[in-house]
Amino acid sequence: STRLLNFYRGFQLICRKAMLVSTLRNFCATAQVPFPDFVPQSFLFFPAKEEQSEWDAFRGAFEARKERIGAAKNLWILKPSDGAKGKHIVVLDTEERIREHVEGQKKGSIAWVVQEYIVSPLLLSGRRKFDIRCWVLLDHEYDAWLYKEGVLRTTSTAFTISPESLNDPFVHLSNHCIQTGHADYGKYEATNEMFFPAFAEYLTNDLHLPADTLSAKIIPQIQAIVAFTVEAARDQMENLPYGPYKSFNVFGYDFMVDDALKVHLIEINSSPALADELLPAFTEELVHKAIDPLFPVAMPSASTQCSDCWLHCRR
């Protein structure tokens with residue numbers, strides 16, 4: 001009998017922040033392709049294995065970036081590899097503070113990623129920052145499908161990179177669990193969420209961009225990023241063709257868009273929350289896409305199926 005599991009082995013290879021960087025590096029080295037520019041320049045630090053920490057490479061990159069864009073914009077974001085909900089993430093502006101923060105971690109603790117901070121993000125009304133949460137199904141044939149509906153998670157206050165703002169998570173982190181604590185939470189969008197149709201209208205009506213900017217410019221970049229990341233982990237995640245079970249996995253991909261409309265991958269989540277508004281339809285379409293092909297029902301309800309709810313992700 002067929003068994004279907006709702007996770008892929010090795011999913012942490014793309015869902016742990018440090019592992020994602022390593023997975024992409026290893027894939028690029030093996031495939032002899034450039035490291036993707038959709039990932040901000042990143043360096044890894046290991047309190048448990050200090051000799052593997054990338055201080056020399058980071059120091060050179062820090063100085064080169066400062067020379068290129070100026071000290072005021074040379075910000076870096078520090079993230080624990082296993083972090084969630086924005087916990088313990090900090091934004092820092094000097095090599096000394098970055099080193100102090102990393103070296104101040106408990107010996108033997110989780111790896112940290114130090115990454116270029118995107119200082120020119122696309123902004124919403126009120127000059128507010130946002131990220132984009134997309135849901136991706138990796139089906140039992142190891143095909144990646146992007147759910148057509150996504151959501152912008154928005155901040156409650158104006159974006160700035162002024163030195164005094166660096167300690168303010170309301171400015172820099174759009175996680176719901178953080179933004180709910182701001183006095184203006186819900187002022188601009190209910191629950192600080194903007195869904196794709198409203199985002200498309202904003203791009204056209206407020207930024208005066210072409211009407212197909214989301215569908216023709218942003219979404220294709222997202223599809224390509226998804227395809228690249230799952231391909232990078234294929235040799236360790238994909239099930240054996242005659243193995244004892246098949247798998248599917250739902251991932252939450254988080255992206256940022258800069259003011260040049262370039263999409264950047266921020267992280268990949270293994271157990272993503274889903275916007276309440278999308279939950280009923282997503283659950284139904286997930287069953288149709290992930291489960292019905294292996295366990296067909298006797299009388300499927302064609303009227304409830306959405307043939308274009310999922311976009312195939314190809315490199």
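In which helix is the place of Arg65? Arg65 belongs to helix 3, where helices (H or I, at least four residues) and strands (E, at least two) are DSSP runs numbered from the N terminus. The model is predicted, so that local features need pLDDT of at least 70 and side-chain atom pairs count only at pLDDT 80 or more, whereas totals for chains, interfaces and linings use all residues. Residues are numbered from 1 along each chain as its sequence is written, and side-chain values use heavy atoms, with hydrogens and water left out.

Arg65 has a relative accessible area of 5% and is therefore buried; buried means under 20% relative accessible area, exposed over 50%, and partly exposed in between (1.4 Å probe, protein chains only). Not counting residues up to four places away in sequence, Arg65 touches Gly70, Lys73, Asn74, Leu75, Trp76, Glu116, Tyr117 and Val119, contact being defined as heavy atoms within 4.5 Å. Arg65 and Glu116 lie 51 residues apart along the chain, and their C-alpha atoms are separated by 9.1 Å.

An open sheet is formed by 4 strands in the order 2-5-3-4, with antiparallel pairing; two strands pair if DSSP finds at least two bridges between them. Strand 2 (42-45) and strand 4 (90-92) stand at the edges with a single partner strand each, so one side of each has no neighbour in the sheet. From one strand to the next, the twist averages 25°. Strand 3 (residues 76-80) and strand 5 (residues 112-116) run antiparallel and are joined by 5 bridges, with Pro80 having Trp112 in strand 5 as its bridge partner.

Helix 2 (residues 17-31) packs on the sheet, touching strand 2, strand 3 and strand 5, and its direction makes about 120° with that of strand 2. Axes are lines fitted to C-alpha atoms, for helices over the stretch in contact, and angles run from 0 to 180 degrees between N-to-C directions. Helix 3 (residues 55-69) lies across strand 2, strand 3 and strand 5, at about 150° to strand 2. Strand 5 is mostly covered, 5 of its 5 residues being buried. The antiparallel pairing of strand 2 with strand 5 extends over 4 bridges, and the bridge partner of Leu44 in strand 5 is Val113.

Helix 7 (residues 196-205) and helix 8 (residues 213-232) pack at an angle of about 110°, their axes being 10 Å apart. Helix 7 is thus roughly perpendicular to helix 8, a class that covers 65 to 115 degrees, while angles under 35 count as roughly parallel, over 145 as roughly antiparallel and the rest as oblique. In this contact, Phe196, Phe199, Ala200 and Leu203 of helix 7 meet Thr213, Leu214, Ile218 and Ile219 of helix 8. The contact residues comprise 7 nonpolar, 1 polar and no charged.

The structure holds 0 disulfides, a disulfide being a pair of cysteine sulfur atoms within 2.5 Å. The sulfur of Cys177 is too far for a bond, because the closest cysteine sulfur, in Cys15, is 18 Å away. Cys177 is partly exposed, with a relative accessible area of 42%. Cys313 is likewise in no disulfide, the nearest cysteine sulfur, that of Cys134, being 9.1 Å away. Cys313 counts as buried, at 7% relative accessibility.

Technical notes. Ala, Val, Leu, Ile, Met, Phe, Trp, Tyr, Cys and Pro count as nonpolar, Asp, Glu, Lys and Arg as charged, and the others, Gly among them, as polar.
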